[in-house]
Amino acid sequence: MSMEDEKIRLKVLGISYSHIQSGAYALILSQVGGPYKIPVVIGAAEAQSIAIRMEKIIT
């Protein structure tokens, strides 16, 4: 199996305001069945869309 075939499953743990970059949010991803967590900086519009989906809000 090559490195390209190895995929790591991630799930969204949550979203928090980024204290590093003004107006940005940190999307926290977690490895499914593993110890790793990855913060990804996203914009306000993306954070709002993800939060709406996570809360199961119908627009």
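Two strands are taken to pair if DSSP finds at least two bridges between them. In this predicted model, strands S2 and S3 form a hairpin with 5 residues between them. Glycine 33, in the turn of that hairpin, has a positive phi of about 75 degrees. The two strands run antiparallel and are joined by 7 bridges, with S3 covering residues 37-43.

Strand S2 also pairs with strand S1. S1 (residues 10-17) and S2 (residues 24-31) run antiparallel, and 7 bridges join them. A hairpin is formed here as well, with 6 residues between S1 and S2. In its turn, glycine 23 has a positive phi of about 80 degrees. Within this pairing, glycine 14 has isoleucine 28 of S2 as its bridge partner.

Overall, the secondary structure of the chain comes to 1 helix and 3 strands. Read from the N terminus, the order of the elements is β-β-β-α. The chain is more spread out than a compact globule, because its radius of gyration is 14 Å, well over the 10 Å that the globule rule gives for 59 residues. The C-alpha trace spans about 40 × 30 × 20 Å along its principal axes. Of the 59 residues in the chain, 17% are buried. Among contacts with a separation of 6 or more, 14% are between residues 24 or more positions apart. The accessible surface of the chain comes to about 5100 Å², and carbon and sulfur atoms account for 58% of this area. The chain carries 6 positive and 5 negative charges, whose mean positions are 11 Å apart.

Several residues of strand S2 were examined individually. Alanine 24 is found in this strand. Its relative accessible area is 5%, so alanine 24 is buried. Apart from neighbours within four places in sequence, alanine 24 is in contact with Tyr17, Ser18, Val41 and Ile42. The C-alpha atoms of alanine 24 and glutamine 48 are 11 Å apart in space, while the two residues are 24 residues apart in sequence. A C-alpha separation of 9.6 Å is found between alanine 24 and glutamate 46, which are 22 residues apart along the chain.

Leucine 27 is likewise located in S2. With a relative accessible area of 10%, leucine 27 is buried. When residues up to four places away in sequence are not counted, leucine 27 touches Val12, Gly14, Ile15, Ile38, Pro39, Val40, Ile42 and Ile50. One of these, valine 40, is the bridge partner of leucine 27 in S3. Leucine 27 and proline 39 lie 12 residues apart along the chain, and their C-alpha atoms are separated by 5.6 Å.

Serine 30 is a further residue of strand S2. The relative accessibility of serine 30 is 5%, and the residue therefore counts as buried. Serine 30 touches Arg9, Leu10, Lys11, Leu13, Tyr36 and Lys37, with residues up to four places away in sequence left out of the count.

Glutamine 31 also belongs to strand S2. The relative accessible area of glutamine 31 is 18%, and since buried means under 20%, glutamine 31 is classed as buried. Beyond its neighbours within four places in sequence, glutamine 31 is in contact with Ile8, Arg9, Leu10 and Tyr36.

Glutamate 46 lies in helix H1. At a relative accessible area of 43%, glutamate 46 is partly exposed. Lysine 56 is placed in the segment after helix H1, which covers 44-54. The relative accessibility of lysine 56 is 70%, so this residue counts as exposed. Lysine 56 has a phi near 55 degrees, a positive value in a residue other than glycine.

Methods: Residues are numbered from 1 along each chain as its sequence is written. This is a predicted model: local features need pLDDT of at least 70, side-chain atom pairs count only at pLDDT 80 or more; totals for chains, interfaces and linings use all residues. Side-chain values use heavy atoms; hydrogens and water are left out. Helices (H or I, at least four residues) and strands (E, at least two) are DSSP runs, numbered from the N terminus. The radius of gyration is taken over C-alpha atoms; the globule rule is 2.2 Å times the number of residues to the power 0.38. Buried means under 20% relative accessible area, exposed over 50%, partly exposed in between (1.4 Å probe, protein chains only). Contact means heavy atoms within 4.5 Å. Accessible areas come from the Shrake-Rupley method with a 1.4 Å probe; for residues, only the protein chains shown count as cover. Lys and Arg count as positive and Asp and Glu as negative; His and the chain ends are not counted. The place of a charge is taken as NZ of Lys, CZ of Arg, CG of Asp or CD of Glu.
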